[in-house]
Amino acid sequence: MGGMIVVSDVAVDSVGGEMSITMNSNSQNYENGNKVIIAGKILNYDYAQYLGDDITFTLKSPADRILLTGHMAINPDGSFTFNTFAMDNSWKIDGYYKFDARLGSLQNNTTFFYDNTQYETPVVVPATPTPATPTPATP
């Protein structure tokens with residue numbers, strides 16, 4: 001079975017014209033090596049007020065270990081996109097990975113399940129040697 005990511009979104013709805021962050025992914029299921037794209041939008045975004053500010057993001061493993069952290073630009077319409085690949089030795093643990101996005105006091109996250117069966121190295125059990133059968137000598 002290949003590695004798989006299942007995404008569940010935690011969306012914050014815009015209420016009364018207040019700003020909020022929403023996010024979703026490009027697919028509900030991924031296999032090891034697939035590109036993961038998280039697209040987000042800041043609802044009721046004020047471009048002039050936040051000109052030059054970036055989204056701060058963190059991607060954490062199920063063991064709460066930070067895999068990636070950084071900043072990404074916000075488009076004038078309030079949209080942003082994060083891309084990565086579900087692979088390599090950072091993605092070691094099966095379970096729910098968490099992507100968190102922040103802009104000032106605004107925050108939202110999305111979680112997805114990753115099954116790294118395809119990435120795991122199989123355990124090789126050495127074969128039991130068979131004893132040599134002596135060959136009778138010919139006179």
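**Close-up views of a predicted model**

**View 1. Arg102 and Asp100 form a salt bridge.** The closest N and O atoms of Arg102 and Asp100 are 3.2 Å apart. A salt bridge is a side-chain nitrogen of Lys or Arg within 4 Å of a carboxyl oxygen of Asp or Glu. Side chains of opposite charge can pair when their charged atoms come close. Asp100 is buried, with a relative accessible area of 9%, whereas Arg102 is partly exposed at 42%. Buried means under 20% relative accessible area, exposed over 50%, and partly exposed in between (1.4 Å probe, protein chains only). This is a predicted model, in which local features need pLDDT of at least 70, side-chain atom pairs count only at pLDDT 80 or more, and totals for chains, interfaces and linings use all residues. Residues are numbered from 1 along each chain as its sequence is written, and side-chain values use heavy atoms, with hydrogens and water left out.

**View 2. Asp64 and Lys60 form a salt bridge.** Here the closest N and O atoms are 3.5 Å apart. Asp64 is exposed, with a relative accessible area of 53%, and Lys60 is partly exposed at 26%. The search of the whole structure finds 2 salt bridges.

**View 3. Strands β2, β4 and β7 form an open sheet.** Strands are DSSP runs (E, at least two residues), numbered from the N terminus; helices are runs of H or I, at least four residues. The order in the sheet is β2-β4-β7, and the pairing is antiparallel. Two strands pair if DSSP finds at least two bridges between them. β2 (20-25) and β7 (79-85) stand at the edges with a single partner strand each, so one side of each has no neighbour in the sheet. On average, neighbouring strands of this sheet are turned by 20° against each other, direction ignored. The angles are taken between axes, which are lines fitted to C-alpha atoms. Between β4 (residues 35-43) and β7 there are 7 bridges; in one of them, Ala39 has Thr81 of β7 as its partner.

**View 4. Ser79 lies in strand β7.** Ser79 counts as buried, at 16% relative accessibility. The side chain of Ser79 makes a polar contact with the side chain of Asp77 (2.6 Å). A polar contact is a pair of N or O atoms within 3.5 Å; within protein, one must be able to donate a hydrogen and the other to accept it, and residues adjacent in sequence count only if both atoms are side-chain atoms. Leaving aside residues up to four places away in sequence, Ser79 touches Gly40, Lys41, Ala73 and Ile74, where contact means heavy atoms within 4.5 Å.

How values were computed: Axes fitted to C-alpha atoms, helices over the stretch in contact; angles between N-to-C directions.
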